[in-house]
Amino acid sequence: MVDPIGSIFTDAFLHRPLKDTPFLVEGVGKNQVPGVLDFSVIDAVLRVRDDQGFAMCHTLAKEEGIFAGGSGGVNIWGALQVAKFAPKGSRICTLIPDSGLK
């Protein structure tokens with residue numbers, strides 16, 4: 001799971017007191033945990049800064065021609081972090097959950 005710094009999901013995953021602070025990436029992260037979120041099926045939470053997600057949006061547009069917004073940027077950023085440590089031959093899958101409209 002990729003979580004923007006400022007969201008409470010990392011705190012909830014690690015069973016720490018929930019503390020939310022402002023963040024800019026829309027569509028990911030929250031200031032409350034939805035009832036349908038099942039942390040038992042999540043192996044890890046990767047913290048991502050807003051600027052890392054937005055920089056990935058620009059990279060996707062320039063290098064791949066993919067028009068994605070902040071949530072897509074943080075997902076691709078997270079997938080690339082996982083790929084750095086995955087065993088050789090692994091397949092990494094993620095989604096770009098938006099159209100880059102905003």
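Mentor: Before we start, contact here means heavy atoms within 4.5 Å. Helices (H or I, at least four residues) and strands (E, at least two) are DSSP runs, numbered from the N terminus. This is a predicted model, where local features need pLDDT of at least 70, side-chain atom pairs count only at pLDDT 80 or more, and totals for chains, interfaces and linings use all residues. Residues are numbered from 1 along each chain as its sequence is written, and side-chain values use heavy atoms, with hydrogens and water left out.

Trainee: What covers the buried residues of helix 3?

Mentor: The cover includes strand 1 (2-4), strand 2 (46-48) and helix 2 (50-64). Buried means under 20% relative accessible area, exposed over 50%, and partly exposed in between (1.4 Å probe, protein chains only).

Trainee: And which residues of helix 3 are buried?

Mentor: Gly70, Ser71, Gly72, Gly73, Val74, Asn75, Ile76, Trp77, Gly78, Ala79 and Gln81.

Trainee: Changing topic, how many salt bridges are there?

Mentor: The count is 2 salt bridges, taking a side-chain nitrogen of Lys or Arg within 4 Å of a carboxyl oxygen of Asp or Glu. Arg16 pairs with Asp11 at 2.7 Å, N to O. In the other salt bridge, Asp51 pairs with Arg49, and their closest N and O atoms are 2.9 Å apart.

Trainee: Is Asp11 buried or exposed?

Mentor: Asp11 is buried, at 10% relative accessible area, while Arg16 is partly exposed at 39%.

Trainee: What about Asp51 and Arg49, buried or partly exposed?

Mentor: Asp51 is partly exposed at 44%, and Arg49 is partly exposed at 42%.
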